[in-house]
Amino acid sequence: MAATRIAPLTERPAWGALRTHHAQIAAQHLRELFAVDPARGERFVAEAAGLYLDYSKHRITDDTVALLLRLAEESGLRERIDAMFGGEKINLTEDRAVLHIALRAPRDATIMGEGKNVVPEVHAVLDQMAAFAEGVRDGTWLGHTGKPIRAIVNIGIGGSDLGPVMAYEALRAYSRRDLLFRFVSNVDGTDFAEATRDLDPAETLFIISSKTFTTQETMTNAKSARDWTLGALRDEGAVARHFVAVSTNADAVAKFGIDTANMFGFWDWVGGRYSMDSAIGLSTMLAIGPGGFRAMLDGLRRMDEHFRTAPFARNLPVLMGLLTVWNTDFLGAETVAVLPYEQYLKRFPAYLQQLTMESNGKSVTLDGRTVDYATGPIFWGEPGTNGQHSFYQLIHQGTRLIPCDFIAFCQSLNPTAEAHDILLANVLAQAEALAFGKTPDEVRAEGTADWLVPHRTFEGNRPSSTILADRLTPELLGALIALYEHSVFTQGVIWQIGSFDQWGVELGKVLASRIIPELQAAAEPALGHDSSTNALIRRYRARRGAN
């Protein structure tokens, strides 16, 4: 499908109007905006799928929002949403549909891809996953020596690791505590060694997650896992009872020794960073059970439907995406801090790093033009309140503008006395402090000496969103994931970039494949790299065996 002809971003009327509008309100402070509009804290909010979004602490007015919504319309966002949900090949550079939304569609839905309804295939894999997970969880799936499985190790990288790790940590409160879960992604041998150091091979199941079953890092770790297992069990037949695959390469899976009946498939229309609710989530289903997994899918689907049908003015992903465009292209923000005040979400910022930056880290438009505006801010973060004693100093008083997404819950999964009240007081206080700061007059009124006043003044006027929900559940996690997925899509449509390819990761892989044999050659090879790379190769070869 050819991209619909849309005017270049900076030539769209709403973009020009936003530039004029920004110049008019740039000097306004959030203190002033709240003073002249006391009700903005009740108006600049939206709610869907169990999530309550307060975006009133952004440096916006009603006119800002209206112009951003007009920009969305001029950018063809409605048409692009319909195209994605309709199975059109919106991943232009790879000529693929983008149908992660089909992974959580109900069994009776119809979502067309490549000329057929893909939903029956999705549910066939989900049913296969559920049957296998139940067998492991109830002890009827036994290892080679007849022992039940006590440890599950997921081996993958990128989307085959970050999503499963995040989901397991986020939903640990709902997981089977008598099962151990480990995750190996780094090709550094230390990752595998530490993950398996205290495990019994006779009770360990490995999930090898690689669509092609050729991913270099994953297959290197898979070979280590195979050697580790056979070193203890000493029977090639053990592989079939201790390994399963998430892949589409049946020949390679079988050659490895895995029974292809235990191969869980997925499709080219599932991008890696959008795959944690596919068979890539097998470890998640093993942890929380098929019922918990389907609840997570329900949450994803609820946000999908909201994104697809809600008016843009009340559409959470659209509003968040537009605010990111505003902060990035008009306020000059280069990063977004994601700050979950929930320890179980400790890996959520890392998960979002791939989702956001691999999607929108692009500098050319869909039609190949170099952009002349900023795209893809850097996403990062840590759980509160730990971050408050680490990097919040820079957010409050540094020279960079860092919009923040605060994520918090009204109910704790582990209530202890007044701890949750203290936690929530901190998240609300941080958002308030970032917005309003403390003026020099306020500091002086506290009796501060004049020389110290500049050091204790907080400029404020630093934007943030607060996402509040009742309780972290599998369904709520699904809604939160889909919220960010569709926000990323919204940004990509506005910027007119392709959010679903990742050519930027390829060059390093190609060069590494060239360098590996040069490092391993018995005699020093002829090197044709730059002088720095050549020298580093020679030094490594000379030093790798040194004591």
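Colleague: How many bridges join strand 7 to strand 8?

Modeller: Four bridges join strand 7 (residues 204-209) to strand 8, and these strands run parallel. Keep in mind that this is a predicted model. In that pairing, Phe-206 stands opposite Phe-243 of strand 8.

Colleague: And strand 8 to strand 9, how many bridges there?

Modeller: Two bridges, and strands 8 and 9 run parallel. Ala-245 has Met-263 in strand 9 as its bridge partner.

Colleague: What order do the strands of the sheet take?

Modeller: The order is 6-5-7-8-9, in an open sheet of five strands with parallel pairing. At the edges are strand 6 and strand 9 (263-264), each of which pairs on one side only.

Colleague: What does strand 6 pair with?

Modeller: With strand 5 (residues 151-155), in the parallel sense and over five bridges. Ile-152 stands opposite Phe-181 of strand 6 there.

Colleague: Back to strand 8: which residues cover its two faces?

Modeller: Phe-243 and Ala-245 are on one side of strand 8 (residues 243-246), with Val-244 and Val-246 on the other. Those four residues are all buried, and both faces of the strand are covered.

Colleague: Which residues form the aromatic cluster with Phe-243?

Modeller: Phe-192, Phe-206, Phe-213, Trp-228 and Phe-256 form one aromatic cluster with Phe-243. Phe-256 also has a charged residue over its face: Arg-226, at 5.6 Å from the ring centre.

Colleague: Where else does an arginine lie over a ring face?

Modeller: Arg-43 lies over the face of Phe-44, 4.9 Å from the ring centre.

Colleague: How many aromatic pairs are there in the whole structure?

Modeller: The search finds 24 aromatic pairs. One of them is Trp-15 with Phe-330, a tilted pair at 4.7 Å centre to centre with 50 degrees between the planes.

Colleague: Where do Trp-15 and Phe-330 lie?

Modeller: Trp-15 is in helix 1 (residues 13-25), while Phe-330 is in the loop between helix 13 (316-329) and strand 10 (335-340), so the pair ties together parts that are 315 residues apart in sequence.

Colleague: Is Trp-15 buried or exposed? And Phe-330, buried or exposed?

Modeller: Trp-15 is buried, at a relative accessible area of 5%. Phe-330 is buried as well, at 9%. Another pair to look at is Tyr-168 with Phe-183: the ring centres are 5.8 Å apart and the planes are at 40 degrees, so this pair is tilted.

Colleague: How many residues apart in sequence are the parts that this pair ties together?

Modeller: They are 15 residues apart, since Tyr-168 lies in helix 7 (residues 159-170) and Phe-183 in strand 6 (residues 180-184). Both Tyr-168 and Phe-183 are buried.

Colleague: Switching to the nonpolar core. Which residues touch the most other members?

Modeller: In the largest core, which has 125 residues, they are Leu-51, Trp-269, Leu-286, Phe-348, Leu-477 and Tyr-484. Helix 19 (residues 474-495) gives the most to this core, with 13 residues.

Colleague: What does Tyr-484 touch?

Modeller: Leaving out residues up to four places away in sequence, Tyr-484 touches a set including Met-320, Val-338, Phe-348, Phe-379 and Asp-405. There is also a second, separate core of 24 residues, and Val-153, Ala-238, Val-239 and Ala-245 are among them.

Colleague: Now cysteines. How many disulfides does the search find?

Modeller: Zero, across the whole structure. Cys-404 has its closest cysteine sulfur in Cys-410, and that sulfur is 20 Å away, so it is too far for a bond.

Colleague: Is Cys-404 buried or exposed?

Modeller: Cys-404 is buried, with 1% relative accessible area. Cys-410, on the other hand, counts as partly exposed at 43%.

Colleague: Last one, Leu-511. Which helix is Leu-511 found in?

Modeller: Leu-511 is found in helix 20 (residues 506-520). Leu-511 counts as partly exposed because its relative accessibility is 38%.

Colleague: And how far apart are Leu-511 and Leu-286 in space?

Modeller: They are 37 Å apart, C-alpha to C-alpha, and 225 residues apart in sequence.

Methods: Residues are numbered from 1 along each chain as its sequence is written. This is a predicted model: local features need pLDDT of at least 70, side-chain atom pairs count only at pLDDT 80 or more; totals for chains, interfaces and linings use all residues. Side-chain values use heavy atoms; hydrogens and water are left out. Buried means under 20% relative accessible area, exposed over 50%, partly exposed in between (1.4 Å probe, protein chains only). A disulfide is a pair of cysteine sulfur atoms within 2.5 Å. Rings of Phe, Tyr and Trp (its six-membered ring) pair if their centres lie within 6.5 Å; planes under 30 degrees apart count as stacked, over 60 as edge-to-face and the rest as tilted. A charge sits over a ring if NZ of Lys or CZ of Arg is within 6 Å of the ring centre and within 35 degrees of the ring normal. A nonpolar core is a set of buried Ala, Val, Leu, Ile, Met, Phe, Trp, Tyr and Cys residues joined through side-chain atoms within 4.5 Å. Contact means heavy atoms within 4.5 Å. Two strands pair if DSSP finds at least two bridges between them.
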